[in-house]
Every structure is written in structure tokens, then in C-alpha cells.
Amino acid sequence: MIFLKSDEEIELLRISNQIVAKTLAELAKLIQPGVSTGQLDKVAYEFIKDNGAVPGFLGYSGYPKSICTSVNEQVVHGIPSDEVILKEGDIVSVDCGVYKNGFHGDSAYTFCVGEVKPEIRNLLLTTKESLYKGIGEAVEGKRLGDIGFAIQNHCETKGYSVVREMIGHGVGRHLHEAPEVPNYGRKGNGVMLKSGMTIAIEPMINMGKRQLVFEKDGWTTRTIDRLPSAHFEHSIAIRHGKADILSSFEYIEQVLGNKAI
Ligand code: MF3
Ligand code: CO
């Protein structure tokens with residue numbers, strides 16, 4: 001069952017997603033060689049609380065932290081730890097969720113730690129571009145397959161592979177709602193998009209093979225060939241005409257300045 005949101009509900013989703021955006025920007029200030037992902041989690045927890053909200057991931061299906069931090073070959077759902085110290089040349093996907101006023105925000109950004117090899121920066125750039133290509137198709141009257149096709153086409157044309165096991169989702173009163181939003185698909189296929197649908201689009205794109213394996217912790221996924229993976233996510237509302245992006249990378253990119261991808 002796909003829940004259509006009223007204009008008022010969409011504004012509440014925007015409030016949660018704007019707190020996510022600002023939390024990610026706080027973390028952007030700290031991401032550098034020597035910082036642990038456990039430290040990032042603590043800062044996120046405090047910042048979300050200070051904004052009168054609750055971390056949306058904490059306790060979700062037993063998930064133990066407020067953010068997911070997935071380093072290099074880790075794809076998504078990496079668990080922050082004081083033992084994981086970021087080093088020069090790493091990439092780290094930070095996925096953050098916030099719950100406030102009965103609605104969830106959900107957004108992710110992959111950061112560079114110090115100087116990162118050009119070929120890995122290109123993977124990040126292409127993944128972020130593909131997210132916006134997908135959002136470009138997220139318009140009333142188009143279909144879910146149009147979004148997936150746009151993402152897949154953009155990334156595969158550049159020689160990257162699209163993760164299949166993990167996908168985007170509806171977002172609202174629940175973190176994960178119908179419909180499923182794959183990052184692959186065929187034009188004109190799948191559920192028709194209607195004004196008031198709110199979805200999280202989150203391409204996970206690999207440098208090498210598309211297959212994943214789970215780490216022993218039961219949460220973290222990594223690429224089977226241990227080549228790097230990138231992940232960017234926005235929560236959006238479908239409208240007649242252009243999609244309304246409820247989360248934002250603007251605060252992050254202000255912090256990163258000319259170092260932004
Ligand atoms: N954006 C992630 C997703 O939709 C959030 C995972 S939350 C977790 O899969 F609690 F499961 F980690
Ligand atoms: Co999500």
C-alpha cells in the first residue's frame with residue numbers, strides 16, 4: 001500500500017530531512033584522516049537530539065547506531081565504531097535518518113577522506129549524477145522503471161555496476177514504506193508515480209562487480225571483489241512537474257567548498 005502525503009505531511013517530511021542535511025554537514029566538518037566512525041556517530045546523535053528529533057536508524061530492526069558509515073568496499077549499513085579510523089584516500093558513505101513529528105528523513109552522502117584517487121572520485125561523481133538523473137524522472141505520470149533506467153543507464157555507460165540486492169524505498173511515517181525503488185529498470189515499467197508519493201532514491205554503485213556479501217556483523221554489506229562502492233541518497237516528493245527534493249546536499253557542499261565532488 002503506497003501512502004500519498006498531503007501538503008502538510010510533506011512539510012513535516014521536509015523538516016526531518018533538513019535536520020538530516022544539517023547533521024551530514026556537521027559530520028562533513030569532521031571527516032578527515034584520524035577520525036573514527038564511532039566519533040561521527042556520537043556527534044550525529046547529539047546534533048539530532050539538540051534539534052528536538054530522534055535518530056531514525058537507532059533501534060530500527062535492532063540497528064545499534066544513529067548513522068551508517070560504509071568505508072571503501074563497504075556498500076551500505078556499515079556500523080560506526082571507535083575502532084574504524086578513517087585514513088587518507090578512503091571514501092566513506094554516511095547515511096543518516098531522523099524522526100520528528102511522526103515522519104522520517106533519510107539521506108546519504110559519500111565523502112572523500114583527504115586526497116582520493118581520481119578514478120575513485122569519478123565513481124563518486126557518477127553516482128551523485130545518477131541520483132539527479134533518477135530524480136529528473138521522478139515526475140507524476142512516469143513510472144518507477146523510468147527512475148531505475150536513468151540511474152542504471154548513466155552508471156553502466158561509464159563502466160560501473162549497479163547493486164541489485166539493496167534498493168530505495170517509500171519514506172514517511174515509516175522509514176521503509178512501499179514502493180520499492182530499484183536503481184535499475186526498464187523505461188515505462190513498474191508502478192506509476194503520483195503526486196504526493198514520497199520516496200528515497202539511493203543508488204549504490206560499484207567500481208567492479210555488482211555482487212555483495214554480508215560481513216560477519218550481519219549488517220555491513222561489502223563488494224564481493226573488494227573494489228570501492230559509492231552511495232548517495234535523497235528523499236523526494238513526487239509532484240506534477242519537477243520533483244521536490246526534501247533533503248539537501250547544500251549544507252554539506254558549503255562545508256566542503258571547492259573540495260566538493
Ligand atoms: N538509508 C538506509 C536504507 O534505507 C537506512 C538504513 S537504516 C538501518 O536502507 F537502520 F537499517 F541501518
Ligand atoms: Co534509505
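Which residue lies over the face of tyrosine 184? Arginine 164 does, at 4.5 Å from the ring centre. This is a predicted model. A search of the whole structure finds 14 salt bridges, and the count of aromatic pairs comes to six.

**Aromatic pairs**

- Tyrosine 63 and tryptophan 219 have ring centres 4.9 Å apart and planes at 80 degrees, so they pair edge-to-face.
- Tyrosine 63 sits in the loop between strand 1 (54–55) and strand 2 (67–71), and tryptophan 219 in the loop between strand 10 (212–214) and strand 11 (221–223), so the pair ties together parts 156 residues apart in sequence.
- Tyrosine 63 is buried at 4% relative accessible area, whereas tryptophan 219 is partly exposed at 23%.
- Tyrosine 109 and phenylalanine 232 also pair edge-to-face, because their planes stand at 80 degrees, with ring centres 4.9 Å apart.
- Tyrosine 109 belongs to strand 4 (residues 103–112) and phenylalanine 232 to the loop between strand 12 (229–231) and strand 13 (234–239), so this pair ties together parts 123 residues apart in sequence.
- Tyrosine 109 is buried, with 1% relative accessibility; phenylalanine 232 is buried too, with a relative accessible area of 0%.
- One aromatic cluster is formed by Tyr109, Phe111, Tyr132, Phe232 and Phe249.

**Salt bridges**

- Glutamate 9 and arginine 173 meet through their side chains in a salt bridge, 3.4 Å from N to O.
- That pair links distant parts of the chain, 164 residues apart: glutamate 9 is in helix 1 (residues 7–30), arginine 173 in the loop between strand 6 (168–170) and strand 7 (177–181).
- Arginine 173 is partly exposed, at 47% relative accessibility.
- Lysine 158 bridges to glutamate 129, with the closest N and O atoms 4.0 Å apart.
- Lysine 158 lies in the loop between helix 4 (144–157) and strand 5 (161–162) and glutamate 129 in helix 3 (residues 118–136), so the pair ties together parts 29 residues apart in sequence.
- Both partners are partly exposed: lysine 158 at 47% relative accessible area and glutamate 129 at 29%.
- Glutamate 215 forms a salt bridge with arginine 222, the closest N and O atoms being 3.8 Å apart.
- Glutamate 215 is partly exposed at 26% relative accessibility, while arginine 222 counts as buried at 13%.
- Glu11, Arg14 and Asp244 are joined into one network by salt bridges that share partners.

**Phenylalanine 47**

- Phenylalanine 47 is part of helix 2 (residues 37–50).
- Leaving aside neighbours within four places in sequence, phenylalanine 47 contacts Ile19, Lys22, Thr23 and Glu26.
- Its C-alpha atom is separated by 22 Å from that of glycine 257, 210 residues apart along the chain.

Methods: Residues are numbered from 1 along each chain as its sequence is written. Chains are lettered from A and ligands numbered from 1 in the order in which they are written. This is a predicted model: local features need pLDDT of at least 70, side-chain atom pairs count only at pLDDT 80 or more; totals for chains, interfaces and linings use all residues. Side-chain values use heavy atoms; hydrogens and water are left out. Helices (H or I, at least four residues) and strands (E, at least two) are DSSP runs, numbered from the N terminus. Contact means heavy atoms within 4.5 Å. Rings of Phe, Tyr and Trp (its six-membered ring) pair if their centres lie within 6.5 Å; planes under 30 degrees apart count as stacked, over 60 as edge-to-face and the rest as tilted. Buried means under 20% relative accessible area, exposed over 50%, partly exposed in between (1.4 Å probe, protein chains only). A charge sits over a ring if NZ of Lys or CZ of Arg is within 6 Å of the ring centre and within 35 degrees of the ring normal.
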